[in-house]
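I opened this model to look up how its parts pack together. My notes follow in the order in which I made them.

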Amino acid sequence: MQTILLSREEVAKRAKQLYENSIRQQVEVDENIGKMVIIDFESGDYEVDETGLKAARKLSKKHPNARLFGIRIGYNVAVSFGGVMERVYK
């Protein structure tokens with residue numbers, strides 16, 4: 001099987017589409033707001049945890065070579081360095 005290398009932008013695009021189309025409805029509940037969801041866009045698997053690192057480690061055990069993408073649940077950015085993270089309501 002030949003591996004196709006995707007750009008970071010394409011990985012992000014695919015992961016965001018997966019989040020919007022199927023994952024958001026499952027994870028965007030009050031107790032998860034502000035947590036990180038890490039997505040393996042190829043398998044569709046994901047993990048939710050307080051930090052992206054913890055979630056990524058859990059997911060990497062299932063899919064060791066996966067390219068992962070993180071989204072902060074309920075927000076438009078994953079992190080903010082001196083800025084403001086705006087809560088997104090959908």
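Predicted model: local features only at pLDDT ≥ 70, side-chain atom pairs only at ≥ 80, totals over all residues.

Entry 1. Next I looked up what Tyr19 is in contact with. Leaving aside neighbours within four places in sequence, I listed Arg24, Gln25, Val27, Glu28, Val37, Ile39, Ile71, Ile73 and Gly74. I checked one of these, Ile39, by distance: Tyr19 and Ile39 are 20 residues apart in sequence, and their C-alpha atoms are 8.0 Å apart in space.

Entry 2. Ile39 stands opposite Tyr46 in E2. Strand E1, residues 36–40, is joined to E2 by 4 bridges, and the two run antiparallel.

Entry 3. I then went through the whole sheet. Its 3 strands are ordered E2-E1-E3, the sheet is open, and the pairing is antiparallel. E2 (46–49) and E3 (68–72) stand at the edges with a single partner strand each, so one side of each has no neighbour in the sheet. On average, neighbouring strands are turned by 20° against each other, direction ignored.

Entry 4. I looked up the helices against this sheet. Helix H1 (residues 8–27) packs on the sheet and touches E1, E2 and E3, with its direction at about 125° to that of E1. Helix H2 (residues 52–62) lies across E1, E2 and E3 and runs at about 150° to E2.

Entry 5. Which residues have the most contacts inside the largest nonpolar core? I noted Tyr19, Ile23, Val27, Val37, Ile39, Ile71 and Ile73, in a core of 14 residues. H1, E1 and E3 are the elements that give two or more residues to this core. H1 gives the most, with 6 residues.

Entry 6. I took Ile71 from that list. Not counting residues up to four places away in sequence, Ile71 touches Lys16, Tyr19, Lys35, Met36, Val37 and Ile39.

Entry 7. Last, I checked a loop residue. Asn32 lies in the loop between H1 and E1. Its relative accessibility is 13%, so I counted Asn32 as buried too. Beyond residues up to four places away in sequence, Asn32 touches Val27, Val48 and Ile73.

Key:
Residues numbered from 1 in each chain as written. Heavy atoms only, no water. Pairing = 2+ DSSP bridges. Axes fitted to C-alpha atoms, helices over the stretch in contact; angles between N-to-C directions. Contact = heavy atoms within 4.5 Å. Buried < 20%, exposed > 50% of the residue type's maximum accessible area, 1.4 Å probe, protein only. Core = buried A, V, L, I, M, F, W, Y, C linked by side-chain atoms within 4.5 Å.
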